[in-house]
Amino acid sequence: MLANLLCCYVAYGALVARPRGTWDEQTLTGIEFASALLAALGVSAFLLALLPVRRRALSPWWLAPPLVFLAVGAARWAYVALAYPQGPGG
């Protein structure tokens with residue numbers, strides 16, 4: 001549960017942050033970092049929930065939120081990479 005809450009916090013930061021333009025490299029780097037962190041936390045939360053689900057201590061639905069966080073992190077990271085390509089010299 002705590003891992004999912006941490007993922008929610010990081011997802012909020014990754015999705016709400018908006019760069020001012022293609023030149024705003026600091027914000028773009030922060031968004032990319034938050035997206036990569038969200039994907040990594042999604043994998044970690046999935047692995048943490050996998051053993052209790054396999055032992056039938058938790059419902060299989062507990063595996064869905066980490067997978068959603070992983071997908072959101074990967075999608076946001078890909079969107080930023082495609083929408084704000086690096087210019088010449090960077």
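This note goes through the helix packing in a predicted model, point by point.

1. Helix α1 and helix α2. Two packed helices are described by the angle between their axes and the distance between the axes. For helix α1, residues 2-16, and helix α2, residues 25-54, the axes come within 9 Å and cross at roughly 160 degrees. Because angles over 145 degrees count as roughly antiparallel, α1 is roughly antiparallel to α2. The crossing in which α1 passes α2 is left-handed.

2. The residues between α1 and α2. On the α1 side, the contact is made by A3, N4, L6, C7, V10, A11 and A14, and these meet I31, A34, S35, L37, L38, L41, G42, A45 and L48 of α2.

3. The length and burial of α2. Helix α2 has 30 residues, which at 1.5 Å a residue should span 44 Å, and the C-alpha atoms at its ends are 43 Å apart, in agreement with that expectation. Within α2, the buried residues are L28, I31, A34, S35, L38, A39, L41, G42, A45, A49 and V53, and they pack against α1 and against α3, which covers residues 64-83. Just after α2, the residue R56 takes a positive phi of about 65 degrees.

4. Helix α1 and helix α3. Here the two helices pack at an angle of about 20 degrees, and their axes are 11 Å apart. Since angles under 35 degrees count as roughly parallel, α1 and α3 are therefore roughly parallel to each other. The crossing of α1 past α3 is left-handed. Its contact joins N4, C7, C8, A11, A14 and L15 of α1 to P65, P66, F69, V72 and R76 of α3, and the residues involved divide into 9 nonpolar, 1 polar and 1 charged.

5. A closer look at N4. Leaving aside residues up to four places away in sequence, N4 touches A45, W62, P65, P66 and F69. The residue N4 is listed in the contact of α1 with α2, and N4 is also listed in the contact of α1 with α3.

Key. Residues are numbered from 1 along each chain as its sequence is written. This is a predicted model: local features need pLDDT of at least 70, side-chain atom pairs count only at pLDDT 80 or more; totals for chains, interfaces and linings use all residues. Side-chain values use heavy atoms; hydrogens and water are left out. Axes are lines fitted to C-alpha atoms, for helices over the stretch in contact, and angles run from 0 to 180 degrees between N-to-C directions. Helices (H or I, at least four residues) and strands (E, at least two) are DSSP runs, numbered from the N terminus. Angles under 35 degrees count as roughly parallel, over 145 as roughly antiparallel, 65 to 115 as roughly perpendicular and the rest as oblique. A crossing is left-handed if the near helix is turned anticlockwise from the far one by less than a right angle, and right-handed if clockwise. Contact means heavy atoms within 4.5 Å. The expected span of a helix is 1.5 Å times one less than its number of residues. Buried means under 20% relative accessible area, exposed over 50%, partly exposed in between (1.4 Å probe, protein chains only). Ala, Val, Leu, Ile, Met, Phe, Trp, Tyr, Cys and Pro count as nonpolar, Asp, Glu, Lys and Arg as charged, and the others, Gly among them, as polar.
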